[in-house]
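Here is a short briefing on charged side chains and how they pair up. Have the sequence and the model open beside you as you read.

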Amino acid sequence: MYPIDTQDGLFHDGNGINELGTVLPASWLNQVQAELIAILTAARIKPEKATQNQVITAIKMLIASSAPAAATADIAGVTKIIDSLNSNDKFSALSARQGKVLNDSKLDKDGTAKTADTASRLKTVRKINGVPFDGSMDINATPVGAVHYFAIDWAPTGWLKANGAAISRTTYANLFAALGTRFGAGDGKTTFNLPDLRGEFLRAWDDGRGIDTGRAIGTWQSNQNLSHNHNGTTLESGWHDHTGWTSINGEHNHGIPISTNGAGTNFETNSGNIERWGHTDIAGNHNHYFQTNGNGSHTHMFSTDYNGGNEARPRNIALLACIKI
């Protein structure tokens, strides 16, 4: 509606002498009445002559009818503020006071207060591989420098391939502190070498036992076979002769004595014929010397049977060797 039509837009009473009071034209009063009736009409209230609070009632009704709807899972709206941590109402909002309580006491999401000093520490200390753990700091259950074998062809997180590579002394400071330059000094300044276990068998360090003496930990040892014998045969030459001779006694003969009276003589009748035989003189016990022809200084070829490949090794399986960093 428009203000009253005066010079300052205000109503004046006048003094009856030199100032007249403000005249209320019918047009202005009709507009005021129309505005008030419009409020009642909007609130669906019928104007009544005897009722003095219809306008205020209509205003309250209009305000109530225009309030936003309550919030739902799909529609935003009025959200109820609660002051309890145990409510199950998913459409209610936590009060600022209870939010502060939640932050100060480090409560779990279900409202249960923790008894530890901070939310990042376990209430009860546990052990991982014998190392105490309360959640306040990281631990390394596998010590730096440990060597493990993996059935994969890449190094897992926290490990490097044990391939003899030169790596940074600063990036891998913990490993350098453990190994030093035992497996190589790298460039002598900024790098050092990892052990190279590719294709190698591991042998436990003797450490004073006396079986594998004279070695330091991490040193390399060449292959070797234990000293032993092999049985063998010489090559056969087939059937053959050796020639030789006896010693010569010169030209001689052996006599057979025969007497007419039969002494020392034996007679035997053979189909009417008389045969006579005897014996040689006994020369006594003696030897004849025999010698073969010499073949000069010579050798006989000898060989043993052999088998195997180009190295000495036990039965094995290939896995990836890695070192803990």
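A residue counts as partly exposed when its relative accessible area falls between the buried range, under 20%, and the exposed range, over 50%. Asp 196, with a relative accessible area of 36%, is therefore partly exposed. Please keep in mind that this is a predicted model. Searching the whole structure turns up four salt bridges, and the points below walk through some of them.

**The Asp 196 pair**
- Asp 196 and Arg 198 join their side chains in a salt bridge, with 2.8 Å from N to O.
- Arg 198 has a relative accessibility of 57%, so this residue counts as exposed.
- Side chains of opposite charge can pair when their charged atoms come close.

**The network around Asp 212**
- Salt bridges link Arg 203, Asp 212 and Arg 215 in a network.
- One of the contacts runs between Asp 212 and Arg 203, where the closest N and O atoms are 3.6 Å apart.
- Asp 212 also forms a salt bridge with Arg 215, and here the closest N and O atoms lie 2.6 Å apart.

**Accessibility in the network**
- Is Asp 212 buried or exposed? At 10% relative accessibility, Asp 212 is buried, because buried means under 20%.
- Arg 215 has a relative accessibility of 24%, so Arg 215 counts as partly exposed.

How values were computed: Residues are numbered from 1 along each chain as its sequence is written. This is a predicted model: local features need pLDDT of at least 70, side-chain atom pairs count only at pLDDT 80 or more; totals for chains, interfaces and linings use all residues. Side-chain values use heavy atoms; hydrogens and water are left out. Buried means under 20% relative accessible area, exposed over 50%, partly exposed in between (1.4 Å probe, protein chains only).
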